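Hi,

Here's the structure I promised to send over.

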Amino acid sequence: MNVYDSSRIADMLKNEGYEETHRQAEADIVLFNTCHIREKAAEKLFSDLGRAHLIQLEREESGKKTIIGVVGCVVQAEDEQIIKRAPFVDFALGPLMYHKIPEVLRQIKQNKERQPIVNTEFPAESKFDFLPENKAGGACSFLAIQEGCNNFCTYCVVPYTRGVEYSRPVAEVLAEAKRLLATGTLEINLLGQNVNSYHGEDATGKERNLAYLLHKVAELDGLKRIRYTTSYPADMTDDLIECHRDIEILMPYLHLPIQSGSDSILKAMNRRHTSGDYLRIVEKLQKANPQIGMSSDFIVGFPGETDADFQQTLDIVNEVKYIQAFSFKYSRRAGTPAAVMDNQVEEKVKKERLEILQNLLFAYQDKFNQSCIGKKMPVLLEQKGRHKGQLIGRTPYMQNLHVETDSANMNKIIEVKITEATTNSLSGKEI
Ligand code: 5AD
Ligand code: SF4
């Protein structure tokens, strides 16, 4: 979601006459789009800000002004504290407020005295109504259809930083998808913190769900691939599962976080599903599309997690055989219910469990990648490889694949026969 937001911010600034640069010393504006999901992500901001401040001072010596802005979830959580800790920051806007950047820049330029601007409102209006057209280049595009979350998992900051759920109307999503297709997009990844709780209005004001929207998007001319991220297990409705049978261009890969395999931990996390519910959903998905590969997020060391609870997480992994997954040590986030639970797990134990879990997850990922050798797969080429004549793309299962091919195939889909596999990537020959 932050990648999507950053590209929308870049579109907005381009409309204001700015150009992108990756060299900070050249930048008139330096913007940090921040994540607050785990402690490490938030801490990184302040060290990055320190470095940006040094460059700001250097530029000042040669008479150049540098505006430093911070957007995203850290701002929502820290509010005025950002300016207290980093007084050289010119503006700080929450994730629902970044459409105000042009207005804020004008205000900053008008002000004679330096006066930092902080805005962490949850506005009544939708920021999507104020953003310019999505100009994302390339063949793979993100499209935010939903934002916020009402689930309140006890460890998670998202409901506090991104606010309550909001779904963009169907027509607005289709219009954005059409614009993306017109600029060469072949793959659209529909995004939301809780994407499968989507309930946007259609033209008659009727609420429509994600299954409906997927069918509508799939009908658009020129689209070759659809994905949706991230889903909540309790919202995997039967009609959504059937999309995996009926929509040919829906990729056979689903990121469906379970977080833990232990029902008592899931309950303490306030997740509205048990491990049994989850396995039944996976079974239905596999029935709808026997080719489907599963992915998940896991948290180890949630307060109260015993060795037996952790073993149940390993059991789920052995059962589902994820083809890819993300796993994290529980991170105590201020303001969330789990942060004040009195049965916190020791850091050492969290570390040990994470290592065990990741080794198991990597083993399954590696096994899946090895099983691809000899198979043919369509690959959407997205980037240049390190070697001349090599491009890198994604398989339907989101695996990175390296292939020697004509550079004119960039942003196209080609058929590849897989010849080699490691835990993290594949290579193949064009056929
Ligand atoms: N500690 C560790 N991991 C977390 N996640 C969310 N909040 C926390 C936290 N406090 C993980 C979840 C979620 C992913 C995006 O980040 O696994 O699915
Ligand atoms: Fe956070 Fe996801 Fe739970 Fe929502 S469903 S509170 S975003 S972990």
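Starting with ligand 1: one of its oxygen atoms sits 2.6 Å from a side-chain N or O atom of Asp297, and an oxygen is 2.8 Å from an N or O in the Arg38 side chain. A nitrogen of ligand 1 also lies 2.8 Å from a polar backbone atom of Ser331 (polar contacts here are N or O pairs within 3.5 Å). On its own ligand 1 exposes 400 Å², and the protein buries 87% of that (Shrake-Rupley, 1.4 Å probe).

Bear in mind that this is a predicted model: local features need pLDDT of at least 70 and side-chain atom pairs pLDDT 80 or more, while totals for chains, interfaces and linings use all residues. Residues count from 1 along each chain as its sequence is written, chains are lettered from A and ligands numbered from 1 in the order written, and side-chain values use heavy atoms, without hydrogens or water.

The shell around ligand 1 (residues with a heavy atom within 4 Å) includes Tyr155, Gln259 and Phe328. β11 (293-300) and β12 (324-329) each give two or more residues to that shell (strands are DSSP E runs of at least two residues, numbered from the N terminus).

Around ligand 2 you'll find Cys149, Cys153 and Cys156, among others, plus Tyr155 and Arg271.

Cheers

Terms used: Polar contact = N/O pair within 3.5 Å; in protein donor to acceptor, adjacent residues only side chain to side chain. Helix = DSSP H or I, 4+ residues; strand = E, 2+ residues; numbered from the N terminus.
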